[in-house]
Amino acid sequence: MSLHSSSFGRSAAHWTPNAHAQFLRHRVDDPSVGAAFIVAFPLLWALLASFKTELEAVAFPPRFVGFSWSLDNYRQVLGESDYLGALRNSIIIAGGSSLLTLLLGVPAAWAMAFAPTRHTRALLLWMLSTKMLPAVGVLIPIFLFYRDWGLLDTHLGVALLLTAGNLPIAIWMLYANFKEVPGEILEAARMDGASLTQEILIVLAPMAAPGLASTFFLIFTLAWNESFWTLNITTTDATTLTAFIAAFSSPQGLFWAKLSAASMLSIVPVIVIGWLCQRQLVSGLTFGAVK
Amino acid sequence: MSNIVLERVSKRFGDTLVTDNIDLVIPAGKFTVFVGPSGCGKTTLLRLIAGLEDIDQGRLLIDGADMGQTPPAARGLAMVFQSYALYPHMSVRANLGFALKVAHTPPRDIAARVEAVAKLLDLSALLDRKPAALSGGQRQRVAIGRALVREPKAFLFDEPLSNLDAALRSQMRIEIRRLQQDLGITAIYVTHDQAEAMTMADQIVVFREGRIEQVGAPLEIYRRPTNRFVAGFIGSPCMNFLSGARAAAFGATTIGFRPEHLRLDASGELRGVVRTVEHLGNEALVHVQLEDDTMITARCTEDTALHPGAPIAFTPDPASIHRFDQDNRALDVG
């Protein structure tokens with residue numbers, strides 16, 4: 001903010017063509033407000049719908065104000081269906097898979113950043129390329145394996161799949177972050193007699209904390225919102241919130257208002273976590289961008 | 001006090017041989033400086049000694065024991081890095097005590113040794129600060145303190161002063177040297193600055209392209225360089241070289257003479273025109289273009305009135321002329 005106002009003040013004092021361009025650049029902020037509105041619109045729509053009756057929710061033209069606000073949908077979602085069970089499953093699966101992803105990703109990213117070989121770059125690209133394949137392509141084999149191994153509809157089964165899916169992204173993010181940490185500091189730790197575990201936990205981790213936090217938040221969100229696998233390999237015991245929401249578009253009919261209420265309820269935990277680590281996130285996502 | 005011996009040490013990075021068959025003795029309790037242009041292998045050799053890189057061939061002996069396969073910390077060496085490499089999230093106290101802490105030293109002993117080192121380096125008032133709140137010179141002292149606290153067999157310095165400004169650099173130069181002499185500890189110091197090498201070393205090792213060009217005491221290297229590279233690299237401003245007929249008259253392919261060994265002499269054989277004069281106050285460096293367009297530099301007193309464009313003539317001191325053969329080896333040093 002201070003940077004914004006100071007450069008603005010300078011451009012007002014010396015009105016040169018350059019300063020004019022600078023002024024115009026500040027005006028670009030205005031369209032960004034519109035863009036933010038477009039991005040948030042579906043969310044706003046769902047938020048409003050969650051307070052409507054089912055009839056009002058499907059009414060056309062839609063009404064944005066002047067409908068009868070009610071908490072009935074929330075009451076029903078919380079009371080008559082197993083929201084808390086699904087919430088519990090989501091926390092276990094998203095939390096567990098994210099921790100496991102970090103547990104595997106940190107050593108992998110450490111090796112790639114600080115002990116690279118000739119194949120490191122190719123390996124990174126190859127890992128990312130697996131993310132470019134459609135998940136549905138491996139649905140049948142994985143389903144069959146899971147059936148035989150007894151992993152269908154289990155926390156462990158879903159968490160392992162999400163870990164495998166998110167690991168490439170986590171390693172990429174951590175790798176980019178670790179590359180910003182001066183290698184000499186880790187070498188100093190080695191000279192000081194730190195073991196590899198101490199080097200990673202006591203020296204590297206605190207320095208890379210923002211990067212670790214933003215990586216954790218990203219993969220947690222991805223795992224939390226994942227719906228392809230949760231819909232296909234869970235039925236009752238390991239149903240997550242995404243599968244729970246989808247259940248409101250059932251053969252008996254599409255319940256928009258209740259679906260919206262369930263969606264809102266499943267968004268809340270992520271928003272809370274995001275809010276709590278906001279500062280870490282900002283410095284993590286822009287890590288190394290400004291020095 | 002420990003001595004370090006390198007026997008036929010080689011290291012490759014891919015296809016590049018960065019140190020080539022190095023044989024070297026680092027005497028106990030002495031200050032040895034590795035000097036050379038960048039990319040000459042001096043830092044790699046230091047890292048091989050430290051254990052931060054693996055030796056491909058040859059042996060590293062510390063006090064007679066082969067340390068080639070020993071992990072860095074177990075070699076008993078301490079290193080001061082170019083970037084200081086302090087732990088940014090720890091206080092000065094924690095930085096100094098880190099090595100002792102990971103070695104499971106009792107907390108009371110850690111505190112005592114940290115305090116002692118802090119006192120020695122004048123860091124006592126800064127113990128609770130984070131590195132970010134220190135000046136460059138203070139960070140440098142913490143980096144040295146961190147090495148000192150382990151009571152190492154030898155100190156390894158990797159261009160530790162290159163991030164400091166000139167005034168602080170010359171002050172730290174003296175402090176490091178004094179500390180090393182007071183403690184009588186073996187030290188290896190890597191620099192590309194020949195002035196640092198000259199002023200600090202007991203023994204200078206001049207490197208070029210992965211090989212040792214010359215080993216010796218500073219004045220010995222200055223006065224009796226064994227080849228043209230060392231002659232040109234050590235000394236500032238650097239030695240003047242002449243070849244062709246002038247060198248042939250001395251029975252050499254090239255002759256060299258230092259700027260201070262030129263005497264103003266109106267009938268001298270080296271005639272030319274003054275191009276620029278650098279006034280240093282106590283002396284002036286005169287850059288002269290000779291009749292055959294060779295540029296030479298002479299050290300003159302400030303009372304000689306010299307102006308760009310003025311004709312000038314010198315005679316080199318015949319006793320201080322260095323002669324080199326066609327392979328650039330010195331002819332008079334054996």
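Q: What should I know before reading the numbers?
A: This is a predicted model, in which local features need pLDDT of at least 70, side-chain atom pairs count only at pLDDT 80 or more, and totals for chains, interfaces and linings use all residues. Residues are numbered from 1 along each chain as its sequence is written, chains are lettered from A and ligands numbered from 1 in the order in which they are written, and side-chain values use heavy atoms, with hydrogens and water left out.

Q: How does the model score?
A: Its ipTM is 0.84 and its pTM is 0.78.

Q: And what is the mean pLDDT of chain B?
A: The mean is 91, and 99% of the residues of chain B reach 70 or more. Here pLDDT is the predictor's confidence in each residue, from 0 to 100.

Q: Where in chain B is confidence lowest, and where is it highest?
A: The lowest mean, 88, belongs to helix H9 (residues 245-248) of chain B, and the highest, 96, to strand S3 (residues 31-35) of chain B.

Q: What share of each chain is buried?
A: In chain A, 38% of the 291 residues count as buried; in chain B, 53% of the 334 residues do. Buried means under 20% relative accessible area, exposed over 50%, and partly exposed in between (1.4 Å probe, protein chains only).

Q: What about the accessible surface?
A: For chain A the surface comes to about 16,600 Å², with 71% belonging to carbon and sulfur atoms. For chain B the figure is about 15,000 Å², with 49% belonging to those elements. These areas come from the Shrake-Rupley method with a 1.4 Å probe; for residues, only the protein chains shown count as cover.

Q: Which residues form the nonpolar patch on chain A?
A: Among them are A:Phe37, A:Phe41, A:Leu44, A:Trp45 and A:Trp256, and the patch has about 1,100 Å² of accessible area together. Patches are made of residues with over 30% relative accessible area and no salt bridge, with like charges joined within 9 Å and nonpolar side chains (Val, Leu, Ile, Met, Phe, Trp, Tyr) within 5 Å.

Q: Where do the patch residues come from?
A: Helix H3 (29-49) and helix H4 (54-58) of chain A each supply at least two, and H3(A) gives the largest share, five residues. A:Trp256 lies in helix H15 (residues 256-276) of chain A and is partly exposed, at 36% relative accessibility.

Q: Switching topic, does helix H12 of chain A span what it should, or what is its span?
A: The 17 residues of helix H12 (residues 209-225) of chain A should span 24 Å, and the end C-alpha atoms are 24 Å apart, which agrees. The expected span is 1.5 Å times one less than the number of residues.

Q: Which residues of H12(A) are buried?
A: They include A:Pro210, A:Leu212, A:Phe217, A:Phe220 and A:Trp224.

Q: What does B:Arg47 form a salt bridge with?
A: The partner is A:Glu187, with the closest N and O atoms 2.6 Å apart. B:Arg47 lies in helix H1 (residues 42-50) of chain B and A:Glu187 in helix H10 (residues 183-191) of chain A, so the pair joins two chains.

Q: Are those two buried or exposed?
A: B:Arg47 is buried, at 16% relative accessible area, and A:Glu187 is buried at 12%.

Q: What about B:Asp202 and B:Arg177?
A: Their side chains meet in a salt bridge, 2.7 Å from N to O. B:Asp202 is in the loop between helix H6 (194-200) and strand S9 (203-208) of chain B, and B:Arg177 is in helix H5 (residues 166-183) of chain B, 25 residues apart. B:Asp202 is partly exposed at 28%, whereas B:Arg177 is buried at 13%.

Conventions: Helix = DSSP H or I, 4+ residues; strand = E, 2+ residues; numbered from the N terminus. Salt bridge = Lys/Arg side-chain N within 4 Å of Asp/Glu carboxyl O.
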